[in-house]
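Take a look at the model below.

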Amino acid sequence: MEPRWVPVDEAIGEFSRHADYAATDEMRRGLYLREYTALMELTRNDI
């Protein structure tokens with residue numbers, strides 16, 4: 001794994017897939033949901 005900067009809209013798109021992991025990987029689903037929620041809050045405050 002290699003960290004890299006991505007545009008916020010790309011990160012939101014990736015983390016918005018949290019429900020895809022509901023049946024297979026609860027830990028990843030939770031991680032993606034947490035990040036998605038934080039990004040949505042961040043962008044909502046920028047508007």
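The paragraphs below take the pocket and then the salt bridges.

This is a predicted model, so local features need pLDDT of at least 70 and side-chain atom pairs count only at pLDDT 80 or more, while totals for chains, interfaces and linings use all residues. Residues are numbered from 1 along each chain as its sequence is written, and side-chain values use heavy atoms, with hydrogens and water left out.

Start with the space. Rolling a probe the size of a water molecule over the atoms shows where empty space is left. A pocket is an open set of points on a 1 Å grid over the protein atoms alone, where a 1.4 Å probe fits, with protein on both sides within 12 Å along at least five of seven lines. The largest pocket holds about 200 Å³ of space. Its volume is the space filled by probe spheres set on the points, which are joined across faces, edges and corners.

Now the lining (residues with an atom within 4 Å of a point). Arg 4, Val 6, Glu 10, Ala 11, Glu 14, Phe 15 and Tyr 32 line the largest pocket. Helix H1 (residues 8–15) gives the most, with four residues. Helices here are DSSP runs of H or I with at least four residues, numbered from the N terminus. By class, the lining has four nonpolar, three charged and no polar residues. Ala, Val, Leu, Ile, Met, Phe, Trp, Tyr, Cys and Pro count as nonpolar, Asp, Glu, Lys and Arg as charged, and the others, Gly among them, as polar.

Next, the charged pairs. A salt bridge puts a side-chain nitrogen of Lys or Arg within 4 Å of a carboxyl oxygen of Asp or Glu. The whole structure has six salt bridges. One of them joins Glu 41 and Arg 44, at 2.5 Å from N to O. These two sit three residues apart in helix H2 (residues 26–46), so about one helical turn separates them. Glu 41 is partly exposed at 38% relative accessibility, and Arg 44 is exposed at 54%. The cut-offs are under 20% relative accessible area for buried, over 50% for exposed, and in between for partly exposed (1.4 Å probe, protein chains only).

Salt bridges that share partners also join Glu 14, Arg 17 and Asp 20 into one network. Within it, Asp 20 meets Arg 17 at 3.5 Å, N to O. Asp 20 is exposed at 54%, while Arg 17 is partly exposed at 34%. Glu 14 also lines the largest pocket.

Finally, Glu 35 and Arg 34 form a salt bridge at 3.0 Å, N to O. Glu 35 is partly exposed at 26%. Arg 34 is exposed at 52%.
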